[in-house]
Amino acid sequence: MGDKNTLLAVLQYLEKHNLKGTVDLLRKEANLGDETSHSQCPQSDSDVSSMLAAYKSEGDPEKYEEAYGDLKKFVEGALDIYKYELGMILYPVLVHMYLELLFNGHEDQAKRLMEKYGPDQEDYFQDDLKKLSHVCKKDHLKGNELTDTFKSNEFIIRMSRDTLSILKRHLSEKKHSVVQNIIQEHLYLDMYEGVARNKQQIDATSGAMIGEAARADNKARVYFGLLKEPDVSNAALEEEEDEEESGDKPKKKKSKKDHLYPKKSKSDPNAPPADRMPLPELKEAELREKVKAMRDALKRVNLGPDQLPSICSYTLLNANHSVTCAEISEDSSLLAVGFNDSFIKVWSLVPQKLRSMKSADQLQDIDREADDVLARMMDDRSSEACRTLLGHSGPVYRVAFSPDRQLLLSCSEDSSIRLWSLLTWSCVVCYKGHTYPVWDVRFAQHGYYFATGGHDKTARLWATDQHQPLRIFAGHYSDVDCVQFHPNSNYIATGSSDRTVRLWDCVTGSQVRLMTGHKGQVLCLCFSVEGRFLASAGADSRVLLWDLAHGHLLAELCGHTASVLSLAFSREGSVLVSGSTDCTVKIWDFTKLAEAIALEDVNISHNPDIKKDSDTFLLRSFATKNSPVLNLHFTRRNLLLAVGLYDSQS
C-alpha cells in the first residue's frame, strides 16, 4: 500500500508540472488506469511534499528550543493522572525537531537542543539519542538506519481519550506550529477509551524504536493451540511385539501400553485446521522415534518448587573468543558448536559414536528390504567421537538439528545458510537469499521447514527442498536477531534490535502480533509447551512473558545482571529456565506464574497489570564458576543440560 501511495504522489507531482507523456508512460508500466488521475488522486499536496522532502523549514530556528521548553513545562505541570501519558510525546518530538533543524542546515541550534534536553529522556532511549548525536550534518541523514526509520514511520503512542483532549487543547492555545506539525505528521496517537495509564504500565511496554504497538496490530486471530498428535499405536505395537519375542513379559507391556496411549482427547479449540499448513508425513523411523519419546516421558520427573531439575553442564575450554553458538539435538544425543573461524563441530553425547555412510560400492550389496537397512548403511569403522564440518567463509552464528537428527542447518556472516547431512557429514545445499549476515536459523518442530533472520531486517521461511525462500517477513526496523517456530509450525516469532517481538503467519505471510516492552535487543525466544505463551529475553537482562491470544505483556522477570542468551521450558511446561552471560542459570516457577495471571480478566482495550514480583516466581539460581551460559536444553526425562564457555580472564 505504501508503494502505491508513493507512486501516486510521484504521478501527482508529474501532472502538476505538465509532464503528460511521462505520466502516461508511468501509469501504463505500473498498470494504473485512469482512475488514478489527478482529480481522483487521494494524495493531498502535503502528502506529496512529505514524500519528496523529509522536513519543511519552519523559518526561525530559535523557536524550536522555546517550543520544546513550553511543551516540557506543560507536561510537567499536568495532573499526575495524565502526566505520564503526555510525557510519551517528549522523546519523538525532540528527535524530529533535531532532524528538522539538521535538514534545514541549522546545525548549531540542533546540537544545542539535543545537549539541553537529551539527558532528560528515559534511560532506554539514551543509546538511540547517542547514535543520533553523531548525525550532526544534513549529509549524515542519508542512509542512516535510525534517521531513515524516524523519517519514514510514525511514532506510535497509545493515549486515553481524556489525555488526548488535554494535549489538543494545549496545542490550540499555544499555537506552536513547530510542535503541531511534528505531532500531526510524524506521530500516530492511538486513542483508547478508559482511564489513563500510570508510569509503571507505560514503562512496561515502552522502549521500542518507534513506540508502542497500536491496538490494531494485535487484532488478528492467532491459532495458538497444538495440532493433534499422529497415531503412533501401530509403530508401538510392532516394537512391543519385537520386545516380546526377545523374552519380555507381555503382561507388563500391556499395562504400560494402556498408560502410554490414553483415549483420544478432544481436539484443541484454538488449534489451526489440520490442513492449514502443509506438513510432511511422518516416516516410519520418525514414528518409532515418537514412541521412544513417549516411553521416555513415562520416566520423566515432573518439576516444580519441590522437585527442581538436576543440571548437567558442558563447559567448552579454551574457546572463549572462538565459540559463537551451541545447540543440542531434541533427543539429547548430539551437540553441535559453531566457531568464528567458520568451523562447525559435532560431538556425540552418548556412548554411540558418530558413523558415516558406507561407500557407494558397499551400499550396492545391502539388502534394501531389510528392517535395519539404515543401520546396515552405516560404516562402523568410520566411527568418531567428534566430526568437523567446513564450508562457510565467515563466523557461524547458529546451528540447528532437524527433528530426525539426520540434518543440520547453519547460518553465517557470509550471508548463506547451509544444510549438512549427518549421514555423509557433508554439505548438501547452500541457500542464498539474505544479502547480509544471517544471525539465526531454526527448524520447524515438524521438520521440512526452517526459518532464518538476519542483518537485512527480514526473517524468511524456507523449505529444505527449495532454493528460494517461501516467505519473506519484512517489518522490523533493525536486525532480526532471533527466530523461533511455534509448536504447531503455523507461526514464526522474531526478536529484533528494534526492541520488538513480532509473530508472523507462515500461511498468509502477514504480521499478526507486535509486542513492545524490551529495552534492548531481543536475543532469544521460547514458546510454552501448550503454545499459548511466548517468553523472550535479551540485552536488557530481563525475561518477558507474552500472551499470544491478545499480544499482551503478562510478566517481567528480573534478576539477571547481563544479557540473557537462552531460554527453555521443561518438557511438561511447569518450569522456565534462563541462561545468561552473568554466568548463572535461573529457574522460574511457570505454573505459579500462569495461575497468578487471570487470563479471563484481561482488559482488551489497553494493558493489563504486569506481574513484576520476580522473587515470588524464582525457584533457584545456579551459578557457574566463570562460564557464561550459551545454551539450555531439557532432555525427555527433564534433566537440564547447559552449555557454557569457560572465561579464564574474568
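Reader: Why is glutamate 556 called buried?

Author: In this predicted model, glutamate 556 has a relative accessibility of 8%. Buried means under 20% relative accessible area, and 8% falls under that limit, so glutamate 556 counts as buried.

Reader: What makes the pairing of lysine 612 with glutamate 556 a salt bridge?

Author: The closest N and O atoms of lysine 612 and glutamate 556 are 3.7 Å apart. A salt bridge requires a side-chain nitrogen of Lys or Arg within 4 Å of a carboxyl oxygen of Asp or Glu, so the pair qualifies. The two residues belong to distant parts of the chain, 56 residues apart: lysine 612 is in the loop between α18 (590–596) and α19 (614–617), and glutamate 556 is in strand β25 (residues 552–557).

Reader: Why is lysine 612 described as partly exposed?

Author: Its relative accessible area is 31%. Partly exposed lies between the limits of under 20% for buried and over 50% for exposed, so lysine 612 receives that description.

Reader: What makes arginine 112 and glutamate 65 a salt bridge, and at what distance do their side chains meet?

Author: The N to O distance is 3.1 Å, which is within the 4 Å limit, so the pair is a salt bridge. Arginine 112 lies in helix α7 (residues 107–117) and glutamate 65 in helix α4, so the pair ties together parts that are 47 residues apart in sequence.

Reader: How do you know that aspartate 148 and lysine 151 are separated by about one helical turn?

Author: Both residues are in helix α9 (residues 145–152), and they are three residues apart, which means a separation of about one helical turn.

Reader: Is histidine 518 called buried or exposed, and why?

Author: Histidine 518 has 0% relative accessibility; buried means under 20%, so the residue is called buried. Histidine 518 lies in the loop between β21 (511–516) and β22 (522–527).

Reader: What makes the pairings of histidine 518 with serine 536 and aspartate 540 polar contacts?

Author: The side chains of histidine 518 and serine 536 are joined at 2.7 Å, and those of histidine 518 and aspartate 540 at 3.0 Å. A polar contact needs N or O atoms within 3.5 Å, one able to donate a hydrogen and the other to accept it. Both pairs are therefore counted as polar contacts.

Reader: Why is leucine 79 called exposed?

Author: Leucine 79 has a relative accessible area of 61%, and exposed means over 50%, so the term applies. Together with Ile81 and Val195, Leu79 forms a nonpolar patch on the surface, with about 310 Å² of accessible area.

Technical notes
Residues numbered from 1 in each chain as written. Predicted model: local features only at pLDDT ≥ 70, side-chain atom pairs only at ≥ 80, totals over all residues. Heavy atoms only, no water. Patch = residues over 30% accessible without salt bridge, like charges linked within 9 Å, V, L, I, M, F, W, Y side chains within 5 Å. Areas by Shrake-Rupley, 256 points an atom, 1.4 Å probe, with all protein chains shown as cover. Buried < 20%, exposed > 50% of the residue type's maximum accessible area, 1.4 Å probe, protein only. Helix = DSSP H or I, 4+ residues; strand = E, 2+ residues; numbered from the N terminus.
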